[in-house]
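Hi,

Here is the structure I promised to pass along. Have a look at it first, then read on for my notes.

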Amino acid sequence: MALVVDNLVKRYGDFTAVKALSFSMEKPGVFALLGSNGAGKTTSIRAILGMLSKEGGTVTWKGRNLCVTEERVGYLAEERGLYGKYTVMEQMMYFAELKGMKKAEAADAITHWLERLGASEYIKKRAETLSKGNQQKIQLAVALISDPELLILDEPLSGLDPVNTDLFRAVIREEVNKGKYIIMSSHQMPTVEEFCTDIVILHRSDVVLQGNLNNIKKGYGRVKLSVKADENILPLALECGLVVERQTPNETDFKVNDQSAPQKFLKKAAEQNITLVKYELREPSLHEIFVEKVGGAADEI
């Protein structure tokens, strides 16, 4: 196993922010650390990195205690933090040197990542003059500059417009394809589903769900039905025993309590010549599982 987090505990006085968190990454890929606001995600990440002391547990990387000054680790923090008065080049070079990179090597890496992220034009500009989205590009470049083996991304897509969201997703995919170990914390569940194989969901500092995402979804079974039709199908669906969960102008999502109900509905819709534009019997999405586990409410800490 490359990364092993074993019974990690973090307390602030009498308050326990992280309760016995354990997970491991046996092979390259993306691991998701999820939870509602205040659940302990960022605290867990900072304790894993050694930015915060811990009251219990161990964090090992390739069999030895993880030390970010000795390993190739990249970190994109949720709370963005560039030095506003310095130019992009000055601070990227500074962070590269902290990683032990030589100036020529660092200059090549800076050029590469600014070009890849469409930010070359800002190299001589002070960080405070950049938009939040462009500052985020610079911070991602800083996280990637040393070609880290272990990459930790805390809300990497927060506040990005659709174009830059796609750009960041493409870069993350490239890092996955390079065989990197990535921990991602995000509230954007479709993105988590796109990248992550294994997940932990925290709620009020406790682990409420953990495991392989595909296996978790299979455990629920196909208990969701999404339907879009040209006609009003609601009376027929209710007659067949389907339960409405969400209704939009475009489609209706039903909860399936009786496994025979979807087939009954489909048969009767065909008999009544109802045109079904969409009929999808599926496992629950990660968003739906997340809401079930944490109640959809943000924690207050």
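Below is what turned up when I went through it.

First, a word on confidence: this is a predicted model. The mean pLDDT of the protein is 92, with 97% of residues at 70 or more. Residues 297-301 are the stretch to treat with care, as pLDDT stays under 50 there. Over that stretch the model has 11 contacts beyond four places in sequence.

On the overall build, I count 10 helices and 14 strands in the protein. The C-alpha trace spans about 75 × 45 × 35 Å along its principal axes. Of the 301 residues, 47% are buried. If you take contacts between residues at least 6 apart in sequence, 69% of them join residues at least 24 apart.

Now the surface. Tyr86 sits in the loop that runs between strand 6 (73-76) and helix 2 (88-98). Its relative accessibility is 48%, so Tyr86 counts as partly exposed, because exposed would need over 50%.

Last, the cysteines. A disulfide is a covalent bond between the sulfur atoms of two cysteines. How many disulfides does a search of the whole structure find? The search comes back with 0. As for burial, Cys196 counts as buried because its relative accessibility is 7%, whereas Cys67 is partly exposed at 26%.

Cheers

Notes. Residues numbered from 1 in each chain as written. Predicted model: local features only at pLDDT ≥ 70, side-chain atom pairs only at ≥ 80, totals over all residues. Heavy atoms only, no water. Helix = DSSP H or I, 4+ residues; strand = E, 2+ residues; numbered from the N terminus. Buried < 20%, exposed > 50% of the residue type's maximum accessible area, 1.4 Å probe, protein only. pLDDT = per-residue confidence, 0-100. Contact = heavy atoms within 4.5 Å. Disulfide = S-S within 2.5 Å.
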